[in-house]
Amino acid sequence: VYKRQFPTSKNQTVLIDKRLNEYRKQKQKTSITLEDCLKLYTTKEQLGPNDKWYCPACKSEKQATKKLDVWKLPDILVVHLKRFQRSRYQYDKNSALVKFPLTGLDLAPFVNPKETDTKFDLFAVSNHMGHMGMGHYTAYCQNKDNKRWYKFDDSSVLPINELDKIVSSNAYVLFYRRTKSLS
């Protein structure tokens, strides 16, 4: 969502800002999946008229498209969920619930077809509560030996029995480990 500049009075500009803020609040209440985020990340995007690309063949600037692709997967995948967005005067936090799998995240649709072992299991989540200027961080981590999950909050470490608490609107950074096939 972007704000268009119209030759309007100050009152009309304020009205547009209020509508934009209401739209953002409404969008934050919905939930999306991590797969939705990855689809959006890898979708072809038309660059704007101010972002022209210089074509070396015809030696002129052209309006172009860009597309991000994943060619090789890492053994450890770190996914940063963009939670903060600059609004007119401040940064707003997007608290939309991004649903992500604890096991079996399959990146095959988003990667070079020659890549094998495209599945990942979550092993840690960094959470952020609060806003840009002030907040608190916690983490959920899985012990690699006993496979149990723990919550880390300052000097407190507690086991987690309800795994559904791990997926929350506070999730900020996700840490996945590639699962190796037995072939």
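Which residue forms a salt bridge with Arg178, and how many Å apart are the closest N and O atoms? The partner is Glu115, with the closest N and O atoms 3.1 Å apart.

The model is predicted: local features need pLDDT of at least 70, side-chain atom pairs count only at pLDDT 80 or more, and totals for chains, interfaces and linings use all residues. Residues are numbered from 1 along each chain as its sequence is written, and side-chain values use heavy atoms, with hydrogens and water left out.

**View 1. Arg178 and Glu115 form a salt bridge.** A salt bridge puts a side-chain nitrogen of Lys or Arg within 4 Å of a carboxyl oxygen of Asp or Glu. Arg178 lies in strand 15 (residues 171-178), and Glu115 in the loop between strand 10 (105-106) and strand 11 (119-130), so the pair ties together parts 63 residues apart in sequence. Strands (E, at least two residues) are DSSP runs, numbered from the N terminus. Both residues are buried. Buried means under 20% relative accessible area, exposed over 50%, and partly exposed in between (1.4 Å probe, protein chains only). A network of salt bridges links Arg178 and Glu115 with Asp75 and Lys180.

**View 2. Lys66 meets Glu45 in a salt bridge.** The N to O distance is 3.9 Å. Lys66 belongs to strand 5 (residues 65-66) and Glu45 to strand 2 (residues 45-46), so the contact ties together parts 21 residues apart in sequence. Lys66 is partly exposed at 40% relative accessible area. Glu45 is also partly exposed, at 41%.

**View 3. Asp69 pairs with Lys67 in a salt bridge.** Their closest N and O atoms are 2.7 Å apart. Asp69 is partly exposed, at 44% relative accessibility. Lys67 is partly exposed too, at 42%. The structure holds six salt bridges.

**View 4. Phe123 and Phe175 form a tilted aromatic pair.** Rings of Phe, Tyr and Trp (its six-membered ring) pair if their centres lie within 6.5 Å; planes under 30 degrees apart are stacked, over 60 edge-to-face, and the rest tilted. Here the centres are 6.2 Å apart and the planes stand at 50°. Phe123 is buried at 16% relative accessible area, whereas Phe175 is partly exposed at 26%. The charged end of Arg177 sits over the Phe123 ring, 4.2 Å from its centre. This contact requires NZ of Lys or CZ of Arg within 6 Å of the ring centre and within 35 degrees of the ring normal.

Key:
Helices (H or I, at least four residues) and strands (E, at least two) are DSSP runs, numbered from the N terminus.
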